[in-house]
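Please look over the sequence and the structure below. A short report follows, heading by heading.

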Number of protein chains: 2
Amino acid sequence: MNIGDVARQSGVPAKTIRYYEDIGLIRPNRSENGYRAFTENHVHKLAFLGRARALGFTIEDCRTLLSLYEDENRESMQVKAGAEDHLRQIEEKIAKLQSMRATLAELVEKCAGDHRPDCPIIEDLSPERLAK
Amino acid sequence: MNIGDVARQSGVPAKTIRYYEDIGLIRPNRSENGYRAFTENHVHKLAFLGRARALGFTIEDCRTLLSLYEDENRESMQVKAGAEDHLRQIEEKIAKLQSMRATLAELVEKCAGDHRPDCPIIEDLSPERLAK
DNA sequence: CATTGACCCTCCAGTAACTGGAAGCCTCAT
DNA sequence: ATGAGGCTTCCAGTTACTGGAGGGTCAATG
């Protein structure tokens, strides 16, 4: 199977597939003409990677997940531990973004948004009120 | 004022200040010895930048905000529009992360996390259930 | 006066995960 | 044989810094 077919079937762009080969996530063979030769298994792996990435796992996480995916003797606690870790990181990001949102929403609400220059948003960002 | 003082007063690391000069956000003069020579105004601007970045504005956003900050004739609607835009982007990110969290939390909960290989997380990521 | 330690300088490289584009084969159908 | 795709490699750019090497500068001390 050529890269285009694999891209269509896995949902992972050809360019990204080449990149994944570069960094050693997948190892397709080569045909005589130099084209990458993929198998069904590669399609599965790439779809797996696509889903893991969509859940926000990093490439390094994916490397681990992929080896667990292939390991018949894996212990589910290994998978769970990684996922819990990742979950925690997601929650941290959410918390940070929510705090930004709160501040920003408040400022936006206070700003008249008219033709005058007075602006609570600029004022909040300005440091003049300090150090004097 | 030298870069170290400015870094302490503004809260922006020296390395980052140099970077901001590189990309044209600030333009300190130079002393005879080649050291950057900063003014109070630079400290203000850098503190301003630090706050804007903490609210998640991109560097390009900051460039705009900084010019509005300096513009006595700005119209607050310009500031407000940018902030609203940014707010929307933050909300999108939050939504995406929350959806990841929901999926992941569900999977984590379903996973036994023991010594057996069976794992709902891996299964969810696997594409075998498709296309057959 | 020489040295030491804290600053300062520039330039180079690396981070994460791709993405776009140029230049150039391969293949199949007309 | 020619043209449209599809494939190849390699280079560069994205975001916003950060770390480090190699090397001047300055103020104070011995």
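## Contacts with the DNA

In the side chain of B:Asn33, an N or O atom is 3.0 Å from a phosphate oxygen of DNA strand D. The model is a predicted one. A polar side-chain atom of A:Arg30 is 3.1 Å from a phosphate oxygen of DNA strand D. B:Lys15 meets a base instead: an N or O atom in its side chain lies 2.3 Å from a base oxygen of DNA strand D.

Around DNA strand D there are 17 residues. Those that come nearest are A:Tyr35, A:Arg36, B:Lys15, B:Tyr20 and B:Arg53. Of the atoms of DNA strand D that come within 4 Å of the protein, 65% belong to sugar and phosphate.

## Two copies, one axis

How are chains A and B related?

## Two domains in chain A

Chain A is divided into two parts: domain 1 covers 1-74, and domain 2 covers 79-132. Taken over C-alpha atoms, the centres of domain 1 and domain 2 of chain A are separated by 37 Å. In the contact, domain 1 of chain A takes part with 7 residues and domain 2 of chain A with 5 residues.

## Where the domains touch

Between domain 1 and domain 2 of chain A, about 360 Å² is buried. Carbon and sulfur atoms give 75% of that area. Three residues stand out on the side of domain 1. A:Leu55, A:Phe57 and A:Leu68 supply 61% of the area that domain 1 of chain A buries against domain 2 of chain A, more than any other three residues.

What kinds of residue make up the side of domain 1 of chain A that touches domain 2 of chain A? They divide into 4 nonpolar, 1 polar and 2 charged. How many salt bridges are counted between domain 1 and domain 2 of chain A? The count is 0. Polar contact is present, though: 3 residue pairs, both residues at pLDDT 80 or more, are counted between domain 1 and domain 2 of chain A.

Conventions
Residues are numbered from 1 along each chain as its sequence is written. Chains are lettered from A and ligands numbered from 1 in the order in which they are written. This is a predicted model: local features need pLDDT of at least 70, side-chain atom pairs count only at pLDDT 80 or more; totals for chains, interfaces and linings use all residues. Side-chain values use heavy atoms; hydrogens and water are left out. Domain bounds come from an automatic or database domain assignment. Contact means heavy atoms within 4.5 Å. Buried area is the accessible area (1.4 Å probe) that two parts lose on being put together, summed over both. A salt bridge is a side-chain nitrogen of Lys or Arg within 4 Å of a carboxyl oxygen of Asp or Glu. A polar contact is a pair of N or O atoms within 3.5 Å; within protein, one must be able to donate a hydrogen and the other to accept it, and residues adjacent in sequence count only if both atoms are side-chain atoms. Ala, Val, Leu, Ile, Met, Phe, Trp, Tyr, Cys and Pro count as nonpolar, Asp, Glu, Lys and Arg as charged, and the others, Gly among them, as polar. A residue is near a molecule or strand if one of its heavy atoms lies within 4 Å of it.
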